[in-house]
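Please keep the structure open beside the text as you read.

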Amino acid sequence: MSVPAPTATAAPVQKTGPRRRLPRYWLPLGLLGVLAALSLLEIVTGANDLTSSGTLMATLVATVPIMLAALGGLWSERAGVVNIGLEGMMILGTYGAGYFGYHYGAWAGVAGAIAMGVLGGLIHAIATVSFGVDHIISGVAINIIALGAVQYLATLTFAGLPGGGQTQSPKIPDVPSLTVGPLSDALFDLERKDIFVLSELAALARALVTNLSVLVVIALLLLLLTYFLLWRTSFGLRLRSVGESPAAAESLGVKVMRYKFVAVLVSGGLAGLAGGFLAMVASSNYRDGQTGGRGYIGLAAMIFGNWRPGGLLMGSGLFGYTETLGLRQGGTSVHALLLTLAVLALAAGVWQLRRGQQVAAAVTVTLGVLIGVVYFLIDEVPGDFTRMTPYVITLLVLAFASQRLRMPAADGQTYRKGSAG
Amino acid sequence: MNRTLTRLALGIGAPLLALVAAFAITSLVLIIASDPVGDVWSTILSVPETRNLANIINNASVLYLSGLAVAIGFRMNLFNIGVDGQYRVAAFTAAAVAGEAWLPGYLNTALAILAAMLVGAAWAGIAGLLRATRGVSEVISTIMLNFISTGIVAYLLRRVAVREQGSNSLGTKEIPEGSRIPSFPIGDGPGQELYGFLVIAVLAGIGYWFVLNRTRFGFDLRATGQSTTAAVASGISVKKMIVTAMLISGAVAGLVGLPILFGDAYTYGSTFQSGLGFAGIAIALLGRNHPVGIALGALLFAFLDEQSNPLQILVGVSPDIVAITQGVIVLTVVISYELVRRYAVRLEQQQVARALAPSEPRPPAGGSPSGEPEEVKA
């Protein structure tokens, strides 16, 4: 009779005194540091695709759907509802974009993707909030239902249309994209001069002014909006209080159920938009299996980012970047990354040793040495392995970072109205 | 007498309610899409022929093992999404080992099964270790390991594969005749045979029940799953339990692909059935982690899958419609159990109130506030 309680949990959090907050300028400074490191890496290893504007443009397109899914996860988990159904809601979104985009134009496609995602969110909200179903069970069910529904609907609505079929929709019209022509060309010149750091900055700037889809801009604005709403308004404070301690929130007059409901619906909408992005920007039609598990990866990016908007952006960026590297000149690029990994592992090992964690340090240093040996033994990483890069990196990063993570206190717990007593 | 009857009715009522609700919702979808509802159900609910029956039982045995593997994790409060990756890595290993035929006959089979279980356990063990030592959520790590296993299997397959004649699909060496597990017939036509591995699946189910309910280890595992603090207080090492539970879950997951491998495919190729791990999650949830419940869930899923196959040809409806039914069942089962449980609690309270009525002028009204906190947690 035991229903599995959700376990999207990190281990018990260690108490480490008051947490130091990073200064406000850490993001640009960190980005500059990363670019410099990559630039150095290009010089050392001779891999030259690590920071090209092409890579960065592709990274942006690969990052946004994961980031949107993660953002969806953030909304619902901040309100205390674990959303493993993100994948299913994304799948619904890809179909929504395909159907409404083909019949009524690009923006209708975007709206359709969001609406389909909200529909998935509605099921999740009714099941978990109204009926108190375990969040994981509901999420798994939604993933199954969404996949089946979309395949069924695609056969019903796309078969027989020009360019459509059981597994794909006809071509969807494009969402407009922005290009600042002259600036883009000038930046490209600068990029090709290969000046340390400067060229990398130029490549980054070029990626932002060349063929930039409006949806990318919207997605980034949604991230900012989420931060503002959840951390700078009383609405957000209440929503987060529902995720931390629903009983306390209710005793202060917060309508707990309503907040949870809204959060899960928004979560579904964002996941739907993520699916729509995949269909409309990353590709140009709905295809069966288009999401490829990105909903789960979004969830991972959110946990990786410690249930914070800035963190999840970093998580999805890391994921999008390594995925892109694997798909482009994967052999040499990923090979170069191995050197970074080896150096990082050795550094981490030394750090752990200084903190007196001998066993952990030994493991880390061994890992670092092993990766280093592999780096010097082979010249190129085989294709099957380059495609694994984002997943391996995520695992490694989590293994080193996850003890500092803290999820909302009441995340995944079922709450019934009036439990405050 | 009357009470046992009520309890029986309630016990049957919950799953029945769930099935009816799932069928109703699926019908609603069909009606909205203006597909022939009646024809769809008469096709799906028709009595299966012997050949189909064999398919249903065979597929159910595979799904059963997958459900068991997930359920072991669930009992310990671990969510092993990684059964999918674990069984693929393990089935590949078994195929490669059995194909090499280092040992004669069934010794070879035993070796391959052992190898599969070990590899499955090791693959799941990575997630267990990361959870126990580094606090990495097993949900995330097993998802990542699923993707990684895809890459590794693809790479290794290319290394050891032999090309089959007349096709361009890659596969491991075929398992020699003497090491295959014979099927037993239930009819006398072709395809009317059950996997011999079915026996092992049943044994796994009995083993699952025995270990969890009749051993100290099983008690520790369930205790840890229900309350970590209570487990720690009674001297259980939670970290050790996490790793052990993942290892066992992975070892069972290692068996998932083997009925197909030893009874039907005889080789692991790029077309080997995938996605069995995710079905296992739904089935474990459906069966409420009970060995018999999981078996019923597996049979139901296999039944729906098999019976929906001819839908496209017979009535022109995509067989994917049953995926909606399957997903909805997972939800409605939980909801209807909850509804029935609340109803049963109310019945009991009324009974108690009636029994106490003569001595008390007024029975406490329904007793709902005091019953509430307990209800929430159950």
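The mean pLDDT of chain A is 84, and 93% of its residues score at least 70; pLDDT is the predictor's confidence in each residue, on a scale from 0 to 100. This is a predicted model, in which local features need pLDDT of at least 70 and side-chain atom pairs count only at pLDDT 80 or more, while totals for chains, interfaces and linings use all residues. Residues are numbered from 1 along each chain as its sequence is written, and chains are lettered from A and ligands numbered from 1 in the order in which they are written.

Within chain A, confidence is highest in helix α11 (residues 256-280), at a mean of 95, and lowest in helix α6 (residues 181-192), at 75. Helices (H or I, at least four residues) and strands (E, at least two) are DSSP runs, numbered from the N terminus. Over residues 1-18 of chain A, pLDDT stays under 50.

Now look at Leu367(A), which sits in helix α15 (residues 358-377) of chain A. The C-alpha atom of Leu367(A) is 41 Å from that of Tyr286(A), and the two residues are 81 apart along the chain.

Let's move on to chain B. Its secondary structure comes to 16 helices and four strands, and its C-alpha atoms fill a box of roughly 85 × 60 × 35 Å along the principal axes. Of the 378 residues in chain B, 49% are buried. The domain assignment, automatic or from a database, gives chain B domain 1 (1-35 + 322-354) and domain 2 (52-316). The centres of these two domains, taken over C-alpha atoms, are 30 Å apart. Six residues from domain 1 of chain B and seven from domain 2 of chain B take part in their contact, where two residues are in contact if their C-beta atoms, placed from the backbone, lie within 7 Å.

Finally, how many residues does each chain give to the contact between chains A and B? Chain B gives 44 residues and chain A gives 48. Elements of chain B that give two or more residues to this side include α3 (50-75), α5 (105-134) and α15 (321-356).

Definitions and conventions. A residue is buried if 20 or more other C-beta atoms lie within 10 Å of its own, exposed if 12 or fewer, and partly exposed in between; C-beta atoms are placed from the backbone.
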